[in-house]
Amino acid sequence: MTAFLSASELAAKIKPGTKLAMPPDGSGASVGLTKFIIENGARGLHLICAPVGGLQVDMLVGAGLVATIETSAVSLGEAGAAPSFTRAIKSRAIKIMDATCPAMLTGLVAAQKGVPFIPMRGLIGSDILRTRPDWTVIENPYQKDDPIVAIPAIRPDVCLFHAPEADRSGNVRVGRRGELQLLAYASATTLVTVERIVEKSLLGDEATAAGVLPSLYVSAIAELKNGAWPNALWGEYAQDTGEISRYAAAARTREGFDGYMASFKQSMAP
Amino acid sequence: MTEATARETLIYTIARLLEGTSHVAVGASSPIPAAGAMLSRALAERRGGEGVRISILGSAEHNFFTQGAGELFDCAAQGRIDAFFLGGGQIDGAGNINLVGSGDYPNSDVRWPGSFGSAFLYYVVPRVILFREEHSPRVLVEKVDFISAPGTSPPGVYRVGGPYALLTGAALFFFEKDQGRFRLESTHPGHTVEEINATTGFAFACPPQVGATPTPKEETLALLRGRVLDELSETYPQFAELLHTDAIGKAA
């Protein structure tokens, strides 16, 4: 059954060395839980971005909790480069496994289907493929002389995201954010923060049921108001562009990052 | 006669490059390509032609996808996307693009965000427009330090897509697929062939006569400053405001 926990109890599910998957900014990254993840302090995380990372990834890297990032990009969008990520690459503090968006998604789909790999077009001749010894080029078994890349399944230990609402049974409304459903199908454990918990059943309405992730895939939920902030949450609130720019400017130095995070924790305090 | 700003000429050029397409997708953080796609749609409607579909990532109103992040790539794989935009921290004369970083990989001297969808979309979207405003030898290099996606592929590798044009803040090039190189098509107002030669780090074909990039006429500008800015402001409010301020500055 889906557990209903506090935010800090939810963060405590993330153990040292966890393969932790997360969606992009504006598509349900649970930036609000970051404070609790940092307090929880599990290190050596292997982040899996589905398919790119943003603010939350940069904060976790800056806090020194990340060993490896598997992603097709890390960026703060309009606010520019992700400063902690950029610094960590330069100083060799993290291992990077560069990919391309559909390869990240294909790896997760392979896990969803319970198959070892799924073939994917593109990639041949790129340095992405050359620098990924864990990826293999195979021959199309149905047509001669047609090489194709076999993307191995990506099976996260835990995925974490934020959504507008959950019901008391643990069903979560994700709307058209199909990558959130994909993350849940592919991951062993799914942790969700929500703006609110509603009393009606989210599966009761035929018009919206297709956009609901059933509780079958949801391990634990914590209520966390403004949990996507300063990113947008669809149908709920817009992006706080000023705040993201403030982070981007502050995190350019190690000291600036520490200062920002101290006040960020304060501003998110319940 | 109202004059177009430099950015408006870029947007108009993109709209011209998209002529004849029926579905254009635009990636995240790409306000000028998004505006170009919207103008292309508005111009097609004005001509009374077939409707142009555009999918702007990050937009709720101008976006057809309901299945999540994967749908864009599946859609492209099925051949349902005619045009897309890619950029690059480095672009070389063979059409290779680098979105990862300069220097030795993986501990790049300068690290950029990463390859995003390029290592797939460059292979499967027929008309990929490379767009980068900065026209300098540090961007337009002889050989990229890291190939996020190659400009061409050897025979036997599945490749239905690839570079179509390269648009910078100074010039427009077309990609000659059989030669595997760029050909200078036109220079934007205020820029010369000599300057392009001096600021391009790779060799390219240069015909004896290179024209000027056409600028948008009055009616097109009105469409751009009206309908297109309105549409754009949903996803890129700050950029729409900037274009508006630019245009007022030009008129003053």
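Predicted model: local features only at pLDDT ≥ 70, side-chain atom pairs only at ≥ 80, totals over all residues.

Student: Is strand 3 (residues 45-49) of chain A enclosed or open?

Tutor: One counts neighbours, and a residue with 20 or more other C-beta atoms within 10 Å is called buried. Four of the five residues of strand 3 of chain A are buried, so this strand is largely enclosed by the rest of the structure.

Student: Which strands pair with strand 3 of chain A?

Tutor: Strand 2 (residues 19-22) of chain A pairs with it in the parallel sense over four bridges, with K19(A) opposite H46(A). The path from strand 2 to strand 3 goes through helix 2 (residues 34-40) of chain A, as a right-handed β-α-β crossover. Strand 4 (residues 66-71) of chain A also runs parallel to strand 3, joined to it by four bridges, and there L47(A) has I69(A) as its bridge partner.

Student: How many residues of each chain are in contact with the other?

Tutor: 37 residues of chain A are in contact with 34 residues of chain B. The side belonging to chain A has 15 nonpolar, eleven polar and eleven charged residues.

Student: Where is H62(B) found, and what does it touch?

Tutor: H62(B) is in the loop between strand 2 (53-56) and helix 3 (70-77) of chain B, and it touches I54(B), I56(B) and E231(B), leaving aside residues up to four places away in sequence. H62(B) is buried because 20 other C-beta atoms lie within 10 Å.

Notes
Residues numbered from 1 in each chain as written. Chains lettered and ligands numbered in written order. Helix = DSSP H or I, 4+ residues; strand = E, 2+ residues; numbered from the N terminus. Buried ≥ 20, exposed ≤ 12 C-beta atoms within 10 Å, placed from the backbone. Contact = placed C-beta atoms within 7 Å. Nonpolar A, V, L, I, M, F, W, Y, C, P; charged D, E, K, R; others polar. Pairing = 2+ DSSP bridges. Right-handed = clockwise from strand over helix to strand, strands pointing away.
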